Amino acid sequence: MIKRNETQPLSAKRVSSTKRFTTYALILASTLTLASGFFFAATQHFSSMDYGMKNSRLRKQIEQLEAEKSRLMLAKEVSMSPNEIKKAAKKAGLFDPIPAPVMTQTAELVQTKTVPASSKSDQPLIVKTASVTTAAKPVTTAFNKSDKTGKEIKKTLSTE
Amino acid sequence: MNNPRRPKKRNMKQVAYTRFMLVVAFFVLWIGGISVRLVHLQVTQHAWLRERAEDARTNINQKRMLRGTIYDRNNRALAMSQRVKTLYADPTEMADTNAAAQSIAKVLKLDAAQLATQLQQAKEAKKRFVPIVKDLDAEVSQRLDKAFDSADARKPDLPKFNGLHWQDDQKRSYPLQSIAAHVIGFSNDKDEGVAGIERSQDEVLHGALIKSLQERDRLGRVYDEEVAEREAPSDVYLTIDYALQYMVEQSLEKGVHEADAKSGIAVVMNPKTGEILALANYPTFDPNTITSKTSAHLANNAVQSAYSLGSVFKLVTYSSGLEKKLFNPNDMISAGNGTIEVADHIFTDSHGVGTVSYSQALAHSSNICAIKTALSVGKEDFAAMVQKMGFGSKTGIELPAETAGRVRPRDKWNGDSLASMAIGYEIDVTPLQMTSAFATIANNGIRVQPRIIKEIKPAGGEAKQLPQAPQTQVVTPETSRNLRTMLKQVVLTGTGKRAQLNGYTAAGKTGTAWKYNAKSKSIDSSKYMSTFIGMAPADDPEIVVAVIMDEPKNGARDGGMVSAPVFREIAQQLLHELKVPTDAPIKQERLVAEEDIPELPVKDTVAKKTPEARSGAGVPKKTDQTPSEREKPKDVKKSKDKKTPENSRLTAKMFRRIEFRGIDRTDRT
């Protein structure tokens, strides 16, 4: 007697629909994975490009800032140069100080030189500020050439 | 029976098959054609296509790194570079050069017709680089980018104007203008050092060329950049102090003007370290604006020219005598009647000194005493001392084109060479060599090689250790002490009284030498080199200052009158600035030296030598003559000089005959 399984076609149908579903699901998943992979790759690509552009802009900015820094440094150095300070001082109404009288040390022989006495005055010899006017009238030293006329000089020479 | 008119029944399968095969054949041919083309493009034309694709997408950007900066010892920038841009045109990219020229000229306010001609000519010659505006900073270039924004321009880079491009350049600036110009030098448009430190340190300062490979999208935006890494150029730090340099230059300029001199040189050196604190030449120049007018003053005479400096060389003469222990500073020496005859030549003092101590002999710059000392030292020992002091060889300072001076080899000396050299003739030395010799005495006999570079620092890195300057014991400390004592007398009682300082002791030596006239091949008694080289404080010198005036025309013109006051001004300011403690009382009252003993120049006592005489002995020699007499060579051995009225006054008491062996005054390289 042939025994027939009546339920087999139904079960087979069920199996096939499950398989089909699984297959579809797998296809979908694969598609999604692929799509998301593409999407991810595209995102990465565009992000990389974006970073590249940002990087390039930053590089340019660094260059510009460095150029600006060197320009400012140069401007600072120029403005601090003695010639510019002189110009600025003149603009501000200051003037060149009259040269202070030149003090000379007493000529003395080494043999007769004794221990130098302590300094009587701490007054600085160098007037450093352009705005300071000298109190004393410039002393004309014997060494000042402007005082010695050519005639006098010749006389000096001829006597030696 | 078959009817012939009846069409045959078609085999549909056969038809379908045929059609199918036709379609297949078509597709095969189509795909085959494409495949062949693809193979052809990708295999045979691969390189060309790749290049084309890369060209469309990438561009190579070349840029030179900024040249290194030169600083003074206190980190003040003396020379620095800046990024600038050059706007240039590529006429081959311009469809209509006239229209382009009109637009460019309108923005830049140029002559349109001239620019159009220039562009047209360049286009015909297929020139791709026509500079239009140079040295523009970033701000101006950005404004021009906006001004040149053209809608129909199809180019990725700025400015958006067909045929216009930017080229990155750099511009060298010298913010302190003429200050230390001879030391710093300058560089040219190609970033190559031409003079001074710019030249000697060009390898260190020179910026490498960096290439960057940029990839751009269709809108011209850079999305990838590959930059070749190169070592950044280094910065150079000098031993020069710009404030001291400024003071020295001001004093020198003043001194040159007061003496109405042709030029002047000043060198300030730290004798203990060999560091050059200031080095000035006047007239000077502004390295920012080199013109044909300023080009005459470009030479750094402190190292590039050699001179016969006269009596300052007596330092070497007395050094050799003291080193041989032939005398002490207080021993007596007789100058006799003020003349001495050596190898048939008579040398004379400008003023008789009689019998004096060696100190006083040097103080009054007695030629006779110096010659006697040299004769007692002997040729060999004198020549050895000259060599040990560094004459005849380069000092090794880091400046370009340094000359070694001229020292005649020992075997080529004439009978009177020793006597001539004892008083500073027949030998050409550079101002720096002479300063170095004085620095040796100031440094207890130890010669330190002069140097002008403090350190070299790579950008953002650690400073490179420079090799230590060689030090040589040339004379004993005792000899140095004795010499300093003698040099102190020069300033206190001798020819260098005008070098006296307030609050500090000073030691030094004056020198006055006639210049050699290369044209007439003889000494020119109307032209002087007036020198003062000194040190302060005398007992423990912190600075050595040399002042040399070329052809002073005002006043007595000797070193004591012309150069000593400049020394005083420089030393007084520098010692104060360097905060050197005073070692002498500060006097408020003015003092006039009781007796002026100007060091009179030797009035044409040097025999004028003919070219033959310059090359050897036994030739006619000339003595004190008028210019017209100088033309005719005659034998005047031991002659009583005939004096012209002009010269008689000067030569009455001070004729001396020195054989000048015809060493050229200057040796510029």
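Q: Which residue is the bridge partner of B:Ala266 in strand 12 of chain B?
A: In strand 12 of chain B that partner is B:Ala280, while in strand 24 of chain B B:Ala266 has B:Val547 as its bridge partner. This is a predicted model, in which local features need pLDDT of at least 70, side-chain atom pairs count only at pLDDT 80 or more, and totals for chains, interfaces and linings use all residues. Residues are numbered from 1 along each chain as its sequence is written, and chains are lettered from A and ligands numbered from 1 in the order in which they are written.

Q: Why is strand 11 of chain B called mostly covered?
A: A residue is buried if 20 or more other C-beta atoms, placed from the backbone, lie within 10 Å of its own, exposed if 12 or fewer, and partly exposed in between. In strand 11 (residues 263–269) of chain B, six of the seven residues are buried.

Q: Why is one side of strand 12 and of strand 22 of chain B left without a neighbour in the sheet?
A: The open sheet of five strands has the order 12-11-24-23-22 in chain B, with antiparallel pairing. Strand 12 and strand 22 (507–517) of chain B stand at its edges, each with a single partner strand, so one side of each lacks a neighbour in the sheet.

Terms used
Helix = DSSP H or I, 4+ residues; strand = E, 2+ residues; numbered from the N terminus. Pairing = 2+ DSSP bridges.
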